[in-house]
Amino acid sequence: KKKTPHTYDLIEKKDDDDDDSEKKQRAAVEAVSRIEKLIECIQSGTVEDVEKACASFRDQSECRTARDAKGRGCMHLVAQRKDAAAVDICKHLVEKVKCDVEMKDEDGATAVLIAASRANYLVLEYLLVRANADALVTSKYEMNAWHYLATWDGGKEHAHKTKDVLMSKSGRKEQEVRKLLETKANDKNTGSPFLFAVRCGSHEVAKLLSNELNEEKKGAHHKETLASGVGAAVLATASGCMETLRFVLEECKVDANQRAEGGMSALHVLASHPKWAGMDKEDSKMREKAIDILIKNGADANAQDKDGMKAIHTAAACKREDMVEHLLSHTEKDAGLKEGDEWNAQAVMRRVEELIMKIRREHSGQAECNSEQESPHISIEGHTISPKKKLSEKEMKEAGQYKRLGDEAFVAGKYQDALDAYTKSLKTDEWNAKVWANMSACNAKLKDYLKARKDAVTARSLDPTYLKAWYREGKAAREMNDFEGAAVAFFEGLRLDESNADLKNAFEEAVSEGRRVFMQQEKSTNKK
């Protein structure tokens, strides 16, 4: 018969378990602290600092497997350093700690690729010559060392020295390294290293790569395009870099009338791209110079996209009146204008504004008063909103409490509970745009994108200045594959805040994806 443990024995055992748990927690905290210190030393410390940080680990394998929040190990971090200590730190990590030079980060990049991206030719030479690192390595998108060098937008000297190291320090692989210049990445928006350098606005690297390719391809690479058909002229414009644009047009003699998906020319891209959206006088001067470069090199200001829009219309849609003014002398009057009709920047802006409002009504179901009824209620996306009234203190408190409950549930990941709480809040205060926007976020999390879109439309109809509502409408529309509707929503948000990075990126992605789908549909139709 088993002896029943005494109560005191159980308490003592529990205390021992608690002590073990606390020791493990302390050990875990100390381990994290050691890793953070090691990372800090590798990024900005001396060789002695790194040696001391490594010595703090009982097991050196912990140094070899240490990673930062982005999945980068010790070799990735030292490959980013360009000071005198970088090579010595690299040598210590490789020869003493035995770090793996082929370790990959979350993007599949090794230290060689990171060093190339920073034009860090000294560390790169050590990795290739002393550590026998693989010069032919590629990331998970098949981007090679030349692709990574293409992201470098610094000085010419570092770019050329990095190129020389890749060409001359790769041992028996030098010819294979040269062939990588022509290799396209798997990512449809990257293409060859030359096109990627143009897209990144890295004009010095673009020149360098072009010169290397000219020896074998005799300029044929200038006519290359991405899988989507986008060429160097459009990519250079989208980069926002004047020097890159001038280089591809004047030195590479790339056709200034190349088209992107949906029929957009380089001028259309210039008129709408967020990278040309600055509000200062200097930004305006840069836009005018870019227009002049494109026109001088043969760009047709009367070219129309698939919707019949010229670059001047696109500039007007983006509220860039300075560009509209500058394009007037290069653009023919709109068809359908009668004699005596105005043809100036204000008139163009006004006509395009009317068109945009029409598109908004068609795609977004803007709130309208129900003209068929005499009821003072309004209907927005199926939601019948009662006339606005002044809430009592009790009603405001009740609505606020339910909103807070919804916020807490949302943060906890309980989206249905949050939805229920927001619904109760709206029963008291139907005119709270923020709660409607939060309802949209909940429905999006629950993957009911139709409801998410309707709630967002309601929110921005109640408060047209609420950026988050426009953003959520666009996100929901995109999930429904309505890319045009998404672009319109993001664009309307940008009109309120042209510097908003999230809206800029979302607008650009929606336009790009929409044009891609359109082109695929066109190809399918043509095949039939």
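Good morning. The structure before you is a predicted model, and every value I quote has been computed from it.

Let me start with the overall picture. The protein has 528 residues, of which 47% count as buried. Its secondary structure consists of 26 helices and 3 strands.

I turn now to helix α25. This helix runs over residues 483-496 and contains 14 residues. From its first C-alpha to its last it reaches 20 Å, close to the 20 Å expected at 1.5 Å a residue. How many of the residues of α25 are buried? The helix is mostly covered, with 11 of its 14 residues buried. Among them are F483, F490, F491, E492 and L494. The start of α25 also deserves attention: there, a side-chain oxygen of D482 comes to within 2.9 Å of the backbone nitrogen of G485.

Two of the phenylalanines in α25 take part in aromatic pairs. In the pair formed by Y471 and F490, the ring centres are 5.8 Å apart and the planes stand at 50°, so the pair is tilted. Y471 belongs to helix α24, residues 467-479, while F490 belongs to helix α25, so this pair ties together parts that are 19 residues apart in sequence.

F491 sits in helix α25 and F507 in helix α26, residues 501-527; the pair links distant parts of the chain, 16 residues apart. Are F491 and F507 buried or exposed? Both are buried.

Helix α24 brings us to a tryptophan. W470 is found in this helix, and it is buried because its relative accessible area is 2%, under the 20% cut-off. Which backbone oxygen does the side chain of W470 reach? That side chain reaches the backbone oxygen of P464 at 2.9 Å. W470 and R460 are 10 residues apart along the chain, and their C-alpha atoms are separated by 6.2 Å.

Why does W276 count as buried? Its relative accessibility is 4%, and the limit for that label is under 20%. Leaving out residues up to four places away in sequence, W276 touches T237, G240, C241, M242, L270, M286, R287, A290 and R320. The side chain of W276 reaches the backbone oxygen of T237 at 2.7 Å. Between W276 and C241 there are 9.3 Å from C-alpha to C-alpha, and the two are 35 residues apart in sequence.

My next residue carries a charge. D105 lies in the loop between α5, residues 85-95, and α6, residues 111-117. D105 is buried, yet it has no salt bridge. Which side chain of opposite charge is nearest to D105? It is R72, at 6.0 Å, whereas a salt bridge requires the atoms to be within 4 Å. Setting aside neighbours within four places in sequence, the contacts of D105 are R67, K70, G71, R72, H76 and I114.

Most residues other than glycine have a negative phi. N132 is not a glycine, yet it has a positive phi of about 55°. This residue is placed in the loop between α7, residues 121-129, and α8, residues 145-149. N132 is exposed, because its relative accessible area is 62%, and the cut-off for that label is over 50%. K253, also a residue other than glycine, has a positive phi near 55°. K253 lies in the loop between α14, residues 242-251, and α15. At 65% relative accessibility, K253 counts as exposed.

Thank you for your attention.

Technical notes:
Residues are numbered from 1 along each chain as its sequence is written. This is a predicted model: local features need pLDDT of at least 70, side-chain atom pairs count only at pLDDT 80 or more; totals for chains, interfaces and linings use all residues. Side-chain values use heavy atoms; hydrogens and water are left out. Buried means under 20% relative accessible area, exposed over 50%, partly exposed in between (1.4 Å probe, protein chains only). Contact means heavy atoms within 4.5 Å. A polar contact is a pair of N or O atoms within 3.5 Å; within protein, one must be able to donate a hydrogen and the other to accept it, and residues adjacent in sequence count only if both atoms are side-chain atoms. Helices (H or I, at least four residues) and strands (E, at least two) are DSSP runs, numbered from the N terminus. Lys and Arg count as positive and Asp and Glu as negative; His and the chain ends are not counted. The expected span of a helix is 1.5 Å times one less than its number of residues. Rings of Phe, Tyr and Trp (its six-membered ring) pair if their centres lie within 6.5 Å; planes under 30 degrees apart count as stacked, over 60 as edge-to-face and the rest as tilted.
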